[in-house]
Amino acid sequence: MIKVVHFSDLHFGSGERYGSLNPETGLNKRFEDFISALDKPINFAVDNQVDLAIFTGDTYKHATPEPLYQREFAKRIKKLSLNKIPTILLVGNHDVLYRIDGSDALDIYNTLEIDHVTVFNRIELKNIKTKSGVVQVIALPHITKSRLLTKEEYRNLSTKEQDNLMIEKVKQALNSCIQKLDPVLPSILIGHGTIEKAQFGSEQDLSIGKVLSYPLSFFQSGSLDYVGFGHIHRHQVLQADKPVILYAGSLERVDFGEENEDKGFICLELEKGKVKYEFKSTEPRKFITISCDLTCSQNPQADLEKEVLSKRHTGSVIRVRYIISEENFGLVNQEKIKELLKDSFALVIQPEILHKERTYRVSDLNLNLITNPMSTLEKYLFDYTEEDKKILLEKAKGLIENL
Ligand SMILES: [Mn+2]
């Protein structure tokens, strides 16, 4: 039996607007959260002496990360390497620089030939040796047009046709890998991208449009034991068995769109034809929205305080949203609310002011006037100067005559 840890979508550098500077470390406190989230699968792998660690892409927010982010990621990869745990790094869309040289943020691990570390940046099949046996790994990294198609192939095609051609090429490449699998050995497919029918989380706006969408059928081959994907941040299981097909999900929350999503990583026990998997939470920082409709409230401050006190949670990122009428806006003391929530990790207060209706009503405008548009318009323009009214009525006359 081969023990595997699979984690994904680290995105160092994201979500830092909800963190302040930690004066002791000089780091953004949310970045520290992201670091400790990464430590969970890394430490689990080391403490349990797993046979294989897999990261399915999107290491940083951008493919040109600050040295700080590179250093903290590299420390963790080094730890896996020193513990002789075979480690796979798969290139995600946020790791790729859209340049002709096709370089990516994980290239450096290839170049330095770190012991026990394998980087996958193209579709291929490799046998990875672990202390408990060989695992066959088919890799499907983020696919870029320039790596998959030649200029001659796509020059005269529409974007849609190019996508279809790329999907067809991916299918052929995957199938040729699948055909080469030794039926006796355990086999996994790791990917970074969108599988049709997968449910997006709030990261949708980050990347949609740049990635292809693969049919689930590409990955349902009985020769595979486990299909582990990255890219979509919401952890989800698309198929429970033969093979297991899932998204590990990201390791930490980026924003309030993920308030109700747990974050974590996957532990696998892999044998040929038999897979046991378990989702382990990283216990990500809590995000809590406190909502309050104060439009009908007699005592907005008291009602809002009551709601805040019932929902407040120490150490969480808190968002207070309330709707209030324009005339009552001054009755809420935001400083007092901030004081009540001073133990939160971060705080956002978002009042929504309900404005009085500003539509001007012209009392003698009625349906009877419909037969005489010019006099109707004249009444409608009651608060214009005589001069402007004259110009507008002239223009209107021309338009009406044309009609
Ligand atoms: Mn991605």
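1. Basis. This is a predicted model; local features need pLDDT of at least 70, side-chain atom pairs count only at pLDDT 80 or more, and totals for chains, interfaces and linings use all residues. Residues are numbered from 1 along each chain as its sequence is written.

2. Domains. The assignment, automatic or from a database, gives domain 1 (2-281), domain 2 (287-354) and domain 3 (367-402). The centres of domain 1 and domain 3, taken over C-alpha atoms, lie 65 Å apart.

3. Overall form. The protein has eleven helices and 17 strands. These are DSSP runs, numbered from the N terminus: helices are H or I of at least four residues, strands E of at least two. The radius of gyration is 29 Å, well over the 22 Å that the globule rule gives for 403 residues, so the protein is more spread out than a compact globule. That radius is taken over C-alpha atoms, and the rule is 2.2 Å times the number of residues to the power 0.38. Along the principal axes, the C-alpha atoms fill a box of roughly 90 × 60 × 40 Å.

4. Burial. Of the 403 residues, 35% count as buried. Buried means 20 or more other C-beta atoms within 10 Å of the residue's own; exposed means 12 or fewer, and partly exposed lies in between, with C-beta atoms placed from the backbone.

5. Helix α1. This helix covers residues 29-47 and reaches 26 Å between its end C-alpha atoms, close to the 27 Å expected. The expected span is 1.5 Å times one less than the number of residues. α1 bends by about 25° at Lys40, and Pro41 follows within four residues. The bend is the angle between axes fitted to the seven residues ending there and the seven starting there. Buried residues of α1 include Phe31, Phe34, Leu38 and Ile42. Gln49, with a positive phi near 45°, follows the helix.

6. Helix α2. Its 16 residues should span 22 Å, and the end C-alpha atoms are 22 Å apart, which agrees. Tyr69, Phe73, Arg76, Ile77 and Leu80 are buried. The face turned away from the buried side carries exposed Pro67, Arg71 and Leu82. Lys84, with a positive phi near 60°, follows α2.
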